[in-house]
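Here are my notes on the model you sent. Please read them with the structure open.

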Amino acid sequence: MSNTKDVQYPHKRSKNGAAVGARPSWRPSSKLYWLAALAVAAAVLGATFVVGKGSNASAAGPLKVGAVAPHVTGRDVLTGQTIDSKQLAGKNVLYYLNEGVMCQACLVQIQALQQHFQHLQDRHLTLVSVTNDDPSTLAMAGRDYKITTPLIADSDRTIVKSFGVLGGIPSGVGMHNDTADHTFVLVDKIGHVRFIKDYPKMWVDVNDLLRQLPKVA
């Protein structure tokens with residue numbers, strides 16, 4: 001697992017979307033921001049995602065604990081490998097659903113999760129991050145932030161919608177209604193949702209998150 005920067009105080013966002021508080025020392029290149037802006041403006045759909053017919057997600061709100069999780073599939077933008085929830089059957093998967101490149105704190109959160117890789121492994125958890133970027137922009141950010149865990153670009157929001165968390169929990173609690181917010185979903189080995197929670201302050205200490213997650217074998 002690659003070393004990542006130890007960021008003590010990731011920034012949060014104010015109601016108007018501006019960053020407040022201390023920032024990490026790393027700043028993405030202007031090219032990255034231009035690519036992200038173009039991606040949002042053009043609504044590039046560069047990856048294919050499928051939600052199984054058996055999904056019980058609905059516009060009424062997020063999936064409930066105990067519900068059957070939707071079938072999720074996408075491409076890891078860092079390796080090109082397909083990530084399919086059917087292939088992950090038998091593993092406990094912690095999905096981190098977030099806005100992505102336009103939210104620096106979201107990527108810093110992934111760095112923090114990577115720093116706790118051994119703790120996640122000890123808890124029998126497999127991390128998969130899903131952002132609402134286009135694949136090329138997300139891949140560039142992933143390399144710049146030295147991310148090694150799987151990154152899926154859900155540019156058309158299919159995965160986020162399948163979990164019922166578009167705009168945060170409850171709907172619209174996040175900064176934007178048309179993206180994920182800062183939501184974690186734990187799906188156990190048999191495909192049931194065991195935990196689902198949004199963190200609208202755009203940050204959660206990983207130790208606190210691990211304490212909140214139910215223990216799974």
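1. A residue is buried under 20% relative accessible area, exposed over 50% and partly exposed in between, using a 1.4 Å probe and protein chains only. By that cut-off, 51% of the 217 residues in the protein chain are buried.

2. This is a predicted model: local features need pLDDT of at least 70, side-chain atom pairs count only at pLDDT 80 or more, and totals for chains, interfaces and linings use all residues. Residues are numbered from 1 along each chain as its sequence is written, and side-chain values use heavy atoms, leaving out hydrogens and water.

3. The protein chain holds six helices and nine strands. These are DSSP runs numbered from the N terminus: helices are H or I with at least four residues, strands are E with at least two.

4. Five strands form an open sheet in the order 7-6-5-8-9, and the pairing is mixed. Two strands count as paired if DSSP finds at least two bridges between them. Strand 7 (151-153) and strand 9 (193-198) are the edges; each has a single partner strand, so one side of each lacks a neighbour in the sheet. From one strand to the next, the twist averages 20°.

5. Look at strand 8 (residues 182-187). Strand 8 pairs with strand 9 in the antiparallel sense, over five bridges. Thr 183 sits opposite Asp 198 of strand 9.

6. Which strands does helix 4 (residues 135-144) lie across? Strand 6 (125-131) and strand 7. Helix 4 runs at about 155° to strand 7. Axes are lines fitted to C-alpha atoms, for helices over the stretch in contact (heavy atoms within 4.5 Å). Angles run from 0 to 180 degrees between N-to-C directions.
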